[in-house]
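Look over the sequence and the structure before reading on.

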Amino acid sequence: MRKSVKTALVAAGVAVGAFTVSPAPAIAAAYSPEGVCGAGYARVSDGSRAIKTPSGSVFGHVYLLYNSSNGYNCVVTIKDSYVGTATRTIATLEVKGSKPKTDDKSYKYYAGPVKAAAKGKCVRYSGLVYDTRIQGEIAQGGRTAFGNCG
């Protein structure tokens, strides 16, 4: 009897271990701005803004990256609040003289990448993360004036 209980406990421990092992390093890398935008993209000097509610809570960050080899910018909004819960999350990139490009859906972790050719042109970018509560706040942030011209 003791042997079967011990065997059952070992089996249960192995099963639990199998379910609790998380690919955390892979997930963490995938949710970095560089991981979302892809190879060759690097953050610009003014390329990180907090996404805040009117009351000051930070729900995430919006990032602007640039790939000097192809002249494309990339924007991604990464959530800090409601991670793992699908909430409306938005990433927007606008190249001066063009219509804005937006990724606007319910996401668990991030919105984007939103990419656009911008070599020699100025851009602005923004991100939003919605609260899960019915009367919840909307957090927003980004660069409202055109900049990062290059």
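Are C37 and C74 buried or exposed? Both C37 and C74 are buried, where buried means under 20% relative accessible area, exposed means over 50%, and partly exposed lies in between (1.4 Å probe, protein chains only).

## Basis of the model

The model is predicted: local features need pLDDT of at least 70, side-chain atom pairs count only at pLDDT 80 or more, and totals for chains, interfaces and linings use all residues. Residues are numbered from 1 along each chain as its sequence is written, and side-chain values use heavy atoms, with hydrogens and water left out.

## The chain as a whole

The protein chain contains three helices and eight strands. Helices (H or I, at least four residues) and strands (E, at least two) are DSSP runs, numbered from the N terminus. Read from the N terminus, the order of elements is α-α-α-β-β-β-β-β-β-β-β.

Of the 150 residues in the protein chain, 33% are buried. The accessible surface is about 8,600 Å², and carbon and sulfur atoms hold 58% of this surface; such areas come from the Shrake-Rupley method with a 1.4 Å probe, and for residues only the protein chains shown count as cover. A contact means heavy atoms within 4.5 Å. Among contacts with a separation of 6 or more, 53% are between residues 24 or more positions apart.

A disulfide is a covalent bond between the sulfur atoms of two cysteines. Here a disulfide is counted when a pair of cysteine sulfur atoms lies within 2.5 Å, and this rule gives two disulfides.

One of them joins C37 and C74, with the sulfur atoms 2.0 Å apart. This pair links distant parts of the chain, 37 residues apart: C37 belongs to helix α3 (residues 33-37) and C74 to strand β3 (residues 72-79). The angle about the S-S bond of C37 and C74 is -85 degrees, and the link is left-handed.

## The disulfide of C122 and C149

C122 and C149 also form a disulfide, and their sulfur atoms are 1.8 Å apart. C122 sits in the loop between β6 (110-117) and β7 (123-130), while C149 sits in the segment after β8 (138-147); the two are 27 residues apart, and the pair links distant parts of the chain.

Why is the disulfide of C122 and C149 right-handed? The torsion about its S-S bond is about 105 degrees, so the disulfide is right-handed. C122 has 18% relative accessibility and therefore counts as buried. C149 has a relative accessible area of 48%, so C149 is partly exposed.

## Pairing pattern

With bonded cysteines counted along the chain, the disulfides follow the pattern 1-2, 3-4.
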